[in-house]
Amino acid sequence: MHNLDIRKAIESSNFKYWQVANKLKMNDGNFSRLLRTELDENNKNKILKAIEELKEEREEWNKKKSYIRKKM
């Protein structure tokens, strides 16, 4: 299987492939096809960066959500 590092990063961060594709402004089908062949380091880094950004966004959302709950 190609791009195992990317696949593991997506799965270990509990994201769906479509979420990463959306962050990259890609169609989820195109993203899945992209992963069928081994990517170069530049493209891998872009995808891994998108995963990290999604993690940060999720963390911010969780902070806001817990703040709202405390306020109520």
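1. A quick word on burial before anything else: buried means under 20% relative accessible area, exposed means over 50%, and partly exposed is whatever falls in between (1.4 Å probe, protein chains only). This is a predicted model, where local features need pLDDT of at least 70 and side-chain atom pairs count only at pLDDT 80 or more, while totals for chains, interfaces and linings use all residues. Residues are numbered from 1 along each chain as its sequence is written, and side-chain values use heavy atoms, with hydrogens and water left out.

2. Start with the core. The largest nonpolar core has 12 residues: I6, A9, I10, F15, V20, A21, F31, L35, L39, I47, I51 and L54. Such a core is a set of buried Ala, Val, Leu, Ile, Met, Phe, Trp, Tyr and Cys residues joined through side-chain atoms within 4.5 Å. Helices α1 (4–12), α2 (17–23) and α4 each put in at least two of its residues. Helices here are DSSP runs (H or I, at least four residues; strands are E, at least two), numbered from the N terminus.

3. The structure holds 1 aromatic pair. The rings of Y17 and F31 have their centres 6.3 Å apart and their planes at 50 degrees, so the pair is tilted. For the cut-offs, rings of Phe, Tyr and Trp (its six-membered ring) pair if their centres lie within 6.5 Å; planes under 30 degrees apart are stacked, over 60 edge-to-face, and the rest tilted. This pair links distant parts of the chain, with Y17 in helix α2 and F31 in helix α3, 14 residues apart.

4. Have a look at S13, in the loop between α1 and α2. S13 is buried, with a relative accessible area of 4%. Its side chain has a polar atom 2.8 Å from the backbone oxygen of A9, and it reaches the backbone oxygen of I10 at 3.0 Å. Polar contacts are pairs of N or O atoms within 3.5 Å; within protein, one must be able to donate a hydrogen and the other to accept it, and residues adjacent in sequence count only if both atoms are side-chain atoms. Beyond four places in sequence, S13 touches I51, K55 and R58.

5. Q19 sits in helix α2 and is partly exposed at 24% relative accessibility. A polar atom of the Q19 side chain lies 2.6 Å from the backbone nitrogen of K16. Setting aside neighbours within four places, Q19 contacts N14 and L54. Q19 and A50 are 31 residues apart in sequence, but 9.8 Å apart in space, C-alpha to C-alpha.

6. L24 is in the loop between α2 and α3 (28–34), and at 25% relative accessible area L24 is partly exposed. Not counting residues up to four places away, L24 touches F31, K46, I47 and A50.

7. Which lysine is buried, with a relative accessible area of 7%? K44 is, and K44 is found in helix α4 (residues 41–71). Apart from residues up to four places away, K44 touches N3, D5, I6, E38 and L39.

8. Now the charges. There are 8 salt bridges, counting a side-chain nitrogen of Lys or Arg within 4 Å of a carboxyl oxygen of Asp or Glu. K55 pairs with E52 at 3.3 Å between the closest N and O atoms; both lie in helix α4, 3 residues apart, about one turn of the helix. K55 is partly exposed at 30%, as is E52 at 40%.

9. K63 has a salt bridge to E59, with the closest N and O atoms 3.9 Å apart, and another to E60 at 4.0 Å. K63 is partly exposed at 47%, E59 is partly exposed at 48%, and E60 is partly exposed at 41%. Salt bridges that share partners also join K23, K49, E53 and E57 into one network.

Definitions and conventions:
Contact means heavy atoms within 4.5 Å.
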